[in-house]
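Please keep the sequence and the model in view while reading.

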Amino acid sequence: MISKAEIKKIRSLEMKKYRAAEGLFVAEGHKTIEEIARTVAPAVVYYGEDADRASLLQHPQGELALFPINIFELIRPVSKLVLMLDGVQDPGNVGTIIRIADWFGIDHIYCSPDCADALAPKVVQASMGSIARVRVDYAELTTVLDALPAGFPVYGTALDGDNIYNVRLAGEAVVVMGNEGKGISDAVRRRLTRKLLIPNYPPGRATTDSLNVAAAAAVVCAEFRKG
């Protein structure tokens with residue numbers, strides 16, 4: 001039977017500082033655990049009542065595992081298309097975008113330091129195991145962008161951008177998705193080579209003022225993969 005000390009340790013891994021201290025993160029549910037285990041072996045797996053007692057979820061799934069936090073170091077990206085997340089702070093959005101990137105064969109995401117932590121339990125859960133195939137690095141985005149070759153395409157979503165459905169998109173590029181409320185930061189925006197708009201339909205119809213960032217990422221990734 002799982003001990004109180006083990007439960008306390010698992011619960012502490014909700015916080016980034018304890019994940020860093022222990023070198024572990026939590027994954028729950030058979031499918032998510034199975035997907036992550038293809039990249040890195042779990043340190044320990046709990047089943048049944050033990051897993052449910054330690055669960056961080058509102059609805060426990062009967063299987064919980066602890067994995068080493070060096071998982072992203074084991075992923076070697078090959079995609080020529082890279083995503084950047086600029087201040088995306090909702091864990092569900094970050095996890096869903098990781099899952100979207102995986103679906104569209106994008107295996108590298110750069111996150112600004114103020115994004116939600118990719119190994120937080122809610123992000124891991126929303127990714128449905130896709131963190132096993134998508135490398136996530138945290139860095140100052142301006143530094144990364146400034147290191148790109150001159151003229152390298154850098155796209156970003158913006159309300160004053162060009163209609164994405166009318167733009168010929170490069171196959172090798174960086175695509176920036178901005179903060180849920182503020183969009184792309186000014187410093188990153190100045191480094192875009194082209195701004196893209198996802199128009200509502202039909203034009204001129206009264207509608208919501210914007211798309212959820214994860215939904216927008218899905219549309220953008222699909223357009224880039226049309227070929």
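Q: In which loop is the place of Met128?
A: In this predicted model, local features need pLDDT of at least 70, side-chain atom pairs count only at pLDDT 80 or more, and totals for chains, interfaces and linings use all residues. Residues are numbered from 1 along each chain as its sequence is written, and side-chain values use heavy atoms, with hydrogens and water left out. Helices (H or I, at least four residues) and strands (E, at least two) are DSSP runs numbered from the N terminus. On that numbering, the place of Met128 is the loop between α6 and β6.

Q: Is Met128 buried, partly exposed or exposed?
A: Buried means under 20% relative accessible area, exposed means over 50%, and partly exposed lies in between (1.4 Å probe, protein chains only). Met128 has a relative accessibility of 26%, so the residue counts as partly exposed.

Q: What is the value of phi near which Met128 lies?
A: Met128 is a residue other than glycine, yet its phi is positive. The value is near 55°.

Q: How many helices and strands are there in the protein?
A: The count rests on the DSSP runs described above. The protein has nine helices and nine strands.

Q: What percentage of contacts between residues at least 6 apart in sequence join residues at least 24 apart?
A: Contact means heavy atoms within 4.5 Å. Among the contacts in the protein between residues at least 6 apart, the share that joins residues at least 24 apart is 78%.

Q: Which parts of the chain do the buried residues of α5 pack against?
A: Helix α5 covers residues 91-103. Its buried residues are Asn93, Val94, Gly95, Ile97, Ile98, Ile100 and Ala101. These pack against β4 (81-86), β5 (108-111), α6 (121-127), β6 (135-138) and α9.

Q: How far apart are the end C-alpha atoms of helix α5?
A: The expected span of a helix is 1.5 Å times one less than its number of residues. Helix α5 has 13 residues, so it should span 18 Å, and the model agrees with this. Its end C-alpha atoms are 19 Å apart.

Q: Which residues does Ala118 touch, not counting residues up to four places away in sequence?
A: Ala118 lies in the loop between β5 and α6. Its relative accessible area is 0%, so Ala118 is buried. The residues that Ala118 touches are Phe72, Ile98, Val123, Val124, Ile131, Val136 and Tyr138.

Q: Over which ring does the charged end of Lys16 sit?
A: A charge sits over a ring if NZ of Lys or CZ of Arg is within 6 Å of the ring centre and within 35 degrees of the ring normal. The charged end of Lys16 is 5.7 Å from the centre of the ring in question, which belongs to Tyr138.

Q: How many aromatic pairs does the structure hold?
A: Rings of Phe, Tyr and Trp (its six-membered ring) pair if their centres lie within 6.5 Å; planes under 30 degrees apart count as stacked, over 60 as edge-to-face and the rest as tilted. The number of aromatic pairs in the structure is two.

Q: Which strands does the pair of Phe25 and Phe67 tie together?
A: Phe25 and Phe67 are stacked, with 5.8 Å from centre to centre and 25° between the planes. Both Phe25 and Phe67 are buried. The pair ties together parts that are 42 residues apart in sequence, because Phe25 lies in strand β1 (residues 24-28) and Phe67 in strand β3 (residues 63-68).

Q: Where do Tyr155 and Phe224 lie?
A: Tyr155 and Phe224 form an edge-to-face pair, 5.0 Å centre to centre and with 75° between the planes. Tyr155 is buried at a relative accessible area of 6%, and Phe224 is buried at 8%. The pair ties together parts that are 69 residues apart in sequence, because Tyr155 lies in strand β7 (residues 154-163) and Phe224 in helix α9 (residues 213-224).
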